[in-house]
Amino acid sequence: MRNVVVGGAQMGPIQKADSRSQAIERMISLLDQAKLQGCTLVVFPELALTTFFPRWYMEDQAEVDTWFEREMPGPDTQPLFDRAREHAIAISFGYAELTPEGLHYNTSILTDREANIVGKYRKIHLPGHSEFDPERDFQHLEKRYFLPGDMGFPVTRTMGGIFGMCICNDRRWPETYRVMGLQGVEMVLLGYNTPSVNSQRPAEGPADRLFHNRLSLQAGAYQNSTWVVGIAKGGDEDGFPMIGGSLIAAPDGKIVVEAKTEDDELIVHACDLDDCTFGKKTIFDFARHRRIEHYGIITEQTGVIEPAE
Ligand code: ING
């Protein structure tokens, strides 16, 4: 038995006018709740410190950079790291990273239970577009504000297991989980900010978005025999609704706990990392069953090439 008591710290909306310290106070409150429930790891959403700013078209780089962190921990986030160390709880959360070289990434980190950063990931699959799109009901400008991640999908040995991270849209791509699965990942931690409606398909509403969220997380867990922890920033940010639906999927693909609201809400589950073993030794024993001589197209080709007529 290798138990990690996971707290999923779903966050409700962060308004454009809210300060980082307000968001961090809410994160610390969720951390305190998690301590009372015996959590040893708490996972927060993507871009947990600010509103989902890629919905806003900005041309002034100085304005864009106000949404980014130049150091981690920094003055705003130090209280969160201090409380995590006090509680001996590992934390993972997403934020906008501005590197000393001036590069911009949608980033997440993982600490150990002494608040030391032991893992870092930069979002690879950036959805949306980079220029203002008048056809859309609202903008989704991650390709404008972030570079694609440059770290691959690394995994980290910590807390007695093998942990990996991804971010939001990454969770929809099977390659994300498989690259970590091929490194033996036992728990994938991710946050997301997912609009409740589709900016290009108004008929697609929250129920569809929640369905695709469950589908993506459950499939990733099952097909790589790993725990998957997916944590939302939900609710109405300045009139733009986002789904909640935070959940923990077990290595057999089943959902063991799911959030009920679109607000700050802690979901908790004692995850036994040994539950990954059966799947990794049987149906998804990659070494025994995969036939990589037939998979080349997956990395040799980016888009679709259809057969000739
Ligand atoms: N958000 C959304 C997500 O992948 C999206 C963007 C929503 C893409 C629905 C496609 C369909 O959940 C982020 N931040 O990636």
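This report describes aromatic ring contacts in a predicted model.

## Aromatic pairs

A pair of aromatic rings is described by the distance between the centres and the angle of the planes. In this structure, the count comes to twelve aromatic pairs. In one of them, the ring centres of tryptophan 56 and phenylalanine 240 are 5.5 Å apart and the planes stand at 90°, so this pair is edge-to-face, given that planes over 60 degrees apart are placed in that class.

The two residues come from distant parts of the chain, 184 residues apart: tryptophan 56 is in the loop between β2 (41-43) and α2 (61-65), whereas phenylalanine 240 belongs to strand β11 (residues 240-242). Tryptophan 56 counts as partly exposed because its relative accessibility is 24%, and phenylalanine 240, at 21% relative accessibility, also counts as partly exposed.

## A cluster, and charges over rings

Ring pairs also join Phe53, Trp67, Phe68, Tyr145 and Phe146 into a cluster.

Arginine side chains are found over ring faces too: arginine 171 lies over the face of tyrosine 192, at 4.2 Å from the ring centre, and arginine 290 lies over that of phenylalanine 286, at 5.9 Å from the ring centre.

Methods
Residues are numbered from 1 along each chain as its sequence is written. This is a predicted model: local features need pLDDT of at least 70, side-chain atom pairs count only at pLDDT 80 or more; totals for chains, interfaces and linings use all residues. Side-chain values use heavy atoms; hydrogens and water are left out. Rings of Phe, Tyr and Trp (its six-membered ring) pair if their centres lie within 6.5 Å; planes under 30 degrees apart count as stacked, over 60 as edge-to-face and the rest as tilted. Helices (H or I, at least four residues) and strands (E, at least two) are DSSP runs, numbered from the N terminus. Buried means under 20% relative accessible area, exposed over 50%, partly exposed in between (1.4 Å probe, protein chains only). A charge sits over a ring if NZ of Lys or CZ of Arg is within 6 Å of the ring centre and within 35 degrees of the ring normal.
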